[in-house]
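The structure is shown first.

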Amino acid sequence: MNIKQLATIGALASLAMAAPLALAQSLLIKDARVVTLTDQGTLTMGDVLVKDGRIEQVAEDLGGITADLVIDGRGKVVTPGIIAPHSELGLTEIGAAASTNDSAVQDVSIGAGFNPVVAFNPRSTLIPFNRAGGVTRAVVVPSSEEKIFAGQGFAIKLTGDFDSVTDDGLLQKIYFGEYGAELAGGSRARAYEQIASALAQAKEYADNRDAIRRGEWRELDFSVDDLEALQPLLSGEQPVLIRANRASDILQLLALAKEFNLKLIVEGAAEGWMVAAQLAAARVPVVIDAMGNTPDAFESLGARLDNAALLHKAGVTVVIGGPGYAGSHNSYLSRQGAGNAVAYGLPFEEGVRAITANPASVFGLEGGVLAPGGVADLVLWSSDPLEVTSFAELVVIDGKPQSLENRSTRLRDRYLHPKAGTGHGYEK
Amino acid sequence: MRPTLDNTNVARRLLAVACGAIAAVALTACGGDKGEKADEPDFARLDAFPSTYIADEAAPVLIRGATVLTGTGEQLNNTDVLLKDGKISAIGEGLKAPKKGMVVEGAGKWVTPGIIDVHSHLGDYPAPSIESSQDGNEMTAPNTAQVWAEHSVWTQDPQFALALAGGVTTLQILPGSANLFGGRGVTLKNVPGRSVQDMKFPGAPYGLKMACGENPKRVYGGKGTLPSTRMGNVAGYRQAWIDATAYKEKWDRYHLNGGEEPDRDLQMETLAGVLNGDILVHNHCYRGEEMAIMMDIAEEFGFQISTFHHAVEAYKVADLLAEHNVCAAMWADWWGFKHEAFDMTEANIAIVDQAKACAMIHSDSAIGIQHLNEETAKAMVAGQRAGFHIEPRHAVTWMTLNPAKALGVDEVTGSLEKGKMADVVVWSGNPFSVYTKAEKVFIDGNLMYDRDNPERQPHSDFELGILDAEGERLPEGGER
């Protein structure tokens, strides 16, 4: 196949649907602004060559090199694909419809051992919609309404394919702070004690596995499943994502992480800026909602729009998730969050990094940068990728251009000019 | 004949307000509406908790050489705007600087009317959101038309100031959506107040919150009472309007013929106020089918719906909205949190607008209200991507003049026109950018928020001594 297409601005979205594009083995974006997030920095005008699912080359000018598909990137911006750091993509369809939700269980016997990965549905409508918003990968995290241990998270790519889970058993999710206190029986102290004792007993279990399994050991407070699930935390293999917003809560988690040698990621961190130096010293990254600036709880009285900027300045690795008010359905809005963070002092490239490279490195996922040899997950934006007036014109996952159609665009096209009659029922 | 916003008492009263008065005078003092409509019983009871908002005497302000989005469909480049006596005094080129007062150099800046949010719960669901302050929804009966959202407003909610920093000058506080009739909404000026009366928009009509769909049927069906279905919802509305019609007739007869004064009923009073055109219906309604039903109910009982809120499917019935002169208040892209929010398209606002219906953005969120310019920008771009020609000069009406219409205050605010209230935002650049900030926010000509001057940034009582006993919630220079 040797189809050369020079896409124009207007035609690009529809081109992305064309079969030849989807089948292209190689792809060249020419003359775009390229935000690599590697040592190559940002190329004001550069070319990106993609081949066999990987990024082959990134350079200011790849000269005469050609590809199955050549795209004119003038005036546009290429970034790594967005990685949603904290979503329920594929585990939810409609928030208020219990039958469509698989992210939490009401079974007191399951805590850390809960792994929702088998419930993942790649055909969820949330996936094409967020993909069209530039999300190429996502971390999927369980939630809990009963226990502070929500269970294990996994990672996906947003191809919509049945084999799109990329990383199983990726992390543990735990609640501390106000919500953790509520789940633990009314006090943060109890939540802390539960986490610490679970980790201690997981250690005890590891050291005495055989005796415990034979029943020749004292009775432990947690199930064998839960204690097994906590093992990768103790070995530092698996990150643990713990929610905390209040500055003092974050400091307690840092102490806990030190004691058990945890690979801690703090989720929330509304008052992270108040303990930014300590977070940086402990090399603990944060996943924040960069738009969450209301003092909407007593644990987040210090919430502010320059939290990301202050954390970054102190040397903390900042990951920005979708705004809390929008939820998984609008995970892609993390880029609006990043845009706001930049408006309030975060350097631009750090804003892009906070939704791409940082989630990749913090969770140990592929992608997140435009590096030769790396996976070709990228987005071509109509303009500034953090701007509310820009949009994704081309989304590539594993080197393959993805469809940008979704229910939002389908409904739009059906009702572009609403009128009386039966006609709409026959529109595609 | 179908009553419209144009021929109701609301328009008459607002003209009375507009008769108005310099900013230093409480606007209700100028005429009052008792005299205006002595021919009818007073169901709206505007004087029960009258506005005590008094704008400070404002020195003139000249904003010089800015890009001005007037809110009436125009973009004027390199243009001056003069604010005087609390009003828009002049818009043009080469306006003379006032002898006393302020000059704002507008090069590179953009100017818009103050942002208006038709759907907010600030004060009723304040921050921090602890259990004891959840005062936004009287979820004890499907019809609580007798409750008034203003009676729950905690004026010290720190979120008001955050919304102001986002350019919001006027907002309607509505009751929640658990009930078929949630109660009265109140329109506020976004100014500090010790009482809610200190914030009330002088002369603004009351709203009545109604709700379609999932919420009422879930809340009351769950309690084993009507409604438990959408058809139950509709039966509930119609019965209430039948009762209200009878109530109104009773009072009309008494007003005309005298005799024994009928008993007052707070619930019926609010509904009767809708029937006589004094109170505007704000109807939480996601689905197209339900909007069509609600418009027929309005027809059946002879009232006008001002606005469908959370109108996720407004685009499906945009032509009907235009035909019935009903506005739709929408989000840019929220969806999926419940079934009736599943059919979202980002082009919703644009499609409604292109069908010549009155379209607007709204927040329903303490975060969203701070970013309505960004939300409008996203909706504008979605419209452009759908193939519509929509420019900032038009899209700005989605966050200014159209919500003013929905609230019945468009005669006096919502656009930059001579004689209107000087509710004005000076932006650091094009407001339809994530990087742009509201730099100066004027309400009735007074500088209520200045990003460059901490002295002109309000903070509520709650913020004093929080996190730092000697300081404020956020250290000086902290960006909220």
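## The sheet of chain A

The model is predicted. In chain A, eight strands make up an open sheet with mixed pairing, in the order 7-8-9-10-11-12-13-14. Its edges are strand 7 (82–87) and strand 14 (318–320) of chain A, each of which pairs on one side only. On average, neighbouring strands of this sheet are turned by 25° against each other, direction ignored.

Within the sheet, strand 8 (residues 135–140) and strand 9 (residues 149–157) of chain A run antiparallel and are joined by four bridges. A:V140 lies opposite A:F154, a residue of strand 9 of chain A.

## Helices packed on the sheet

Helix 4 (residues 177–184) of chain A packs on the sheet, where it touches strand 10 (165–175), strand 11 (239–244) and strand 12 (263–268) of chain A. The direction of helix 4 makes about 95° with that of strand 11 of chain A.

Helix 12 (residues 334–343) of chain A also packs on the sheet. This helix touches strand 7 and strand 14 of chain A, and its direction makes about 130° with that of strand 14. Strands 7 and 14 of chain A are the edge strands.

## A helix pair in chain A

Helix 5 (residues 188–207) and helix 9 (residues 247–260) of chain A pack with their axes 11 Å apart, at an angle of about 15°. An angle under 35 degrees counts as roughly parallel, and the two helices of chain A are therefore roughly parallel to each other. The crossing of helix 5 of chain A past helix 9 of chain A is right-handed.

Helix 5 of chain A contributes A:R188, A:Y192, A:I195, A:A196 and A:L199 to the contact, and helix 9 of chain A contributes A:D249, A:Q252, A:L256 and A:F260. By class, the residues of this contact are six nonpolar, one polar and two charged.

## A buried strand in chain B

Strand 9 (residues 207–211) of chain B is mostly covered, with five of its five residues buried. Both of its faces are covered: B:G207, B:K209 and B:A211 are buried on one side, and B:L208 and B:M210 on the other.

Strand 9 of chain B pairs with strand 8 (residues 181–189) of chain B in the antiparallel sense, over four bridges. Here B:G185 stands opposite B:G207. Strand 9 of chain B is also joined by five bridges to strand 10 (residues 280–284) of chain B, and these two run parallel. B:A211 has B:H284 of strand 10 of chain B as its bridge partner.

## A helix pair in chain B

In chain B, helix 4 (residues 230–257) and helix 6 (residues 288–301) pack at an angle of about 20°, and their axes are 11 Å apart. Helix 4 and helix 6 of chain B are therefore roughly parallel to each other. Helix 4 of chain B passes helix 6 of chain B in a right-handed crossing.

The contact residues are B:R230, B:V234, B:Y237, B:R238, B:W241 and B:T245 from helix 4 of chain B, and B:E290, B:I293, B:I297 and B:F301 from helix 6 of chain B. They divide into six nonpolar, one polar and three charged residues.

## Contact between the chains

Chain B has 48 residues in contact with 42 residues of chain A. On the chain B side, the elements that give two or more residues are helix 2 (159–165), helix 7 (318–324) and helix 9 (372–385) of chain B. Helix 9 of chain B provides the largest share of that side, five residues. By class, the side of chain B that touches chain A has 26 nonpolar, nine polar and 13 charged residues.

Note on methods
Residues are numbered from 1 along each chain as its sequence is written. Chains are lettered from A and ligands numbered from 1 in the order in which they are written. This is a predicted model: local features need pLDDT of at least 70, side-chain atom pairs count only at pLDDT 80 or more; totals for chains, interfaces and linings use all residues. Two strands pair if DSSP finds at least two bridges between them. Axes are lines fitted to C-alpha atoms, for helices over the stretch in contact, and angles run from 0 to 180 degrees between N-to-C directions. Two residues are in contact if their C-beta atoms, placed from the backbone, lie within 7 Å. Ala, Val, Leu, Ile, Met, Phe, Trp, Tyr, Cys and Pro count as nonpolar, Asp, Glu, Lys and Arg as charged, and the others, Gly among them, as polar. Angles under 35 degrees count as roughly parallel, over 145 as roughly antiparallel, 65 to 115 as roughly perpendicular and the rest as oblique. A crossing is left-handed if the near helix is turned anticlockwise from the far one by less than a right angle, and right-handed if clockwise. A residue is buried if 20 or more other C-beta atoms lie within 10 Å of its own, exposed if 12 or fewer, and partly exposed in between; C-beta atoms are placed from the backbone.
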